[in-house]
Amino acid sequence: MARTQQGPRLLLAIMGALVALTYQTRRKTFLSVHEVPVSDPVVVTTLDFVTKDFNKKSEDPYNFRIVRVLKVLKRLTDHMEYRINLEMRRTICLKMEVNNCSFQEGELYKKIDCFFSVFVIPWFEKYKVLAQNCTDG
């Protein structure tokens with residue numbers, strides 16, 4: 001009689017474990033979150049990607065360039081994510097030009113403060129902007 005009751009209990013325990021495992025895989029558990037230096041090679045390539053992506057999507061006829069990086073956080077979950085706060089300014093170069101251009105002064109001066117969240121797999125050179133928020137500075 002004791003053995004016949006163990007079957008349903010074992011089945012219930014297995015189902016509970018499967019439900020818990022499924023819930024855990026959907027939940028993003030941070031393995032680590034820490035600030036990283038701007039000189040980190042992955043950060044440098046990520047900043048280059050962010051700048052190019054911003055300029056490509058921007059409706060402004062001029063390119064923007066990073067003036068100052070305020071903070072870079074690296075978050076590890078099931079992927080690597082960089083959360084970047086920075087300042088950008090409008091340059092004198094039009095969209096077609098990709099030289100190292102100086103910044104606009106006078107009437108066309110424009111500074112923006114931006115936050116980017118970027119999905120990164122550096123060994124495959126894969127980058128994707130997950131979130132972006134830029135405001136006039």
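Me: Contact means heavy atoms within 4.5 Å. Leaving aside its neighbours within four places in sequence, with which residues is Phe116 in contact?

Reply: Bear in mind that this is a predicted model. In it, Phe116 has a place in strand β4, and, once the neighbours within four places in sequence are set aside, Phe116 is in contact with Val50, Phe54, Tyr82, Arg83, Ile84, Leu86, Val129, Ala131, Gln132 and Cys134. One of these, Ala131, is 15 residues away in sequence, yet its C-alpha stands 5.7 Å from that of Phe116.

Me: Is Phe116 buried or exposed?

Reply: A residue counts as buried when its relative accessible area is under 20%. Phe116 has a relative accessible area of 0%, so Phe116 is buried.

Me: How should I read the sheet, and what is the order of its strands?

Reply: Strands of a sheet pair through backbone hydrogen bonds, and the pairing is either parallel or antiparallel. Here, five strands make an open sheet in the order β1-β2-β3-β4-β5, and their pairing is antiparallel. The edges are taken by β1 (32-35) and β5, each of which has a single partner strand, so one side of each is left without a neighbour in the sheet. From one strand to the next, the twist averages 30°.

Me: Which strands does helix α2 lie across?

Reply: Helix α2 (residues 41-57) lies across β2, β3 (80-94), β4 and β5, and the helix runs at about 135° to β2.

Me: How do I read aromatic pairs, and how many does the structure hold?

Reply: The angle between the ring planes decides the label: under 30 degrees counts as stacked and over 60 as edge-to-face. The structure holds two aromatic pairs. Phe49 and Tyr127 form a stacked pair, with 5.3 Å from centre to centre and 20° between the planes. Since Phe49 lies in helix α2 and Tyr127 in strand β5, the pair ties together parts that are 78 residues apart in sequence. Phe49 is partly exposed, with a relative accessible area of 23%, whereas Tyr127, at 19%, is buried.

Me: Why is the pair of Phe54 and Phe64 edge-to-face?

Reply: The planes of these two rings stand at 85°, with the centres 5.5 Å apart, so the pair of Phe54 and Phe64 is edge-to-face. Phe54 lies in helix α2 and Phe64 in strand β2, so this pair ties together parts that are 10 residues apart in sequence. Both partners can be checked for burial: Phe54 counts as buried at 9% relative accessibility, and Phe64 is buried at 4%.

Me: Where does the charged end of Arg65 sit?

Reply: The charged end of Arg65 sits over the ring of Phe103, at 4.2 Å from the ring centre.

Me: How should I read the disulfides, and how many does a search of the whole structure find?

Reply: A disulfide is taken here as a pair of cysteine sulfur atoms within 2.5 Å, and a search of the whole structure finds two. If the bonded cysteines of the protein chain are numbered in sequence order, the pairing is 1-2, 3-4.

Me: Why is the disulfide of Cys93 and Cys101 left-handed?

Reply: The handedness is read from the torsion about the S-S bond, which is about -85° for Cys93 and Cys101, so this disulfide is left-handed. The S to S distance in the model is 1.3 Å. Cys93 is buried, with a relative accessible area of 5%, and Cys101 counts as buried at 7%.

Me: What is the link of Cys114 and Cys134?

Reply: Cys114 and Cys134 form a disulfide with their sulfur atoms 2.1 Å apart, and with 115° about the S-S bond the link is right-handed. Cys114 lies in strand β4 (residues 111-121) and Cys134 in strand β5 (residues 126-136), so the pair ties together parts that are 20 residues apart in sequence. Cys114 counts as buried at 4% relative accessibility, while Cys134 is partly exposed, with a relative accessible area of 27%.

Conventions
Residues numbered from 1 in each chain as written. Predicted model: local features only at pLDDT ≥ 70, side-chain atom pairs only at ≥ 80, totals over all residues. Heavy atoms only, no water. Buried < 20%, exposed > 50% of the residue type's maximum accessible area, 1.4 Å probe, protein only. Helix = DSSP H or I, 4+ residues; strand = E, 2+ residues; numbered from the N terminus. Pairing = 2+ DSSP bridges. Axes fitted to C-alpha atoms, helices over the stretch in contact; angles between N-to-C directions. Phe/Tyr/Trp six-rings, centres within 6.5 Å; stacked < 30°, edge-to-face > 60°. Lys NZ or Arg CZ within 6 Å of the ring centre and 35° of its normal.
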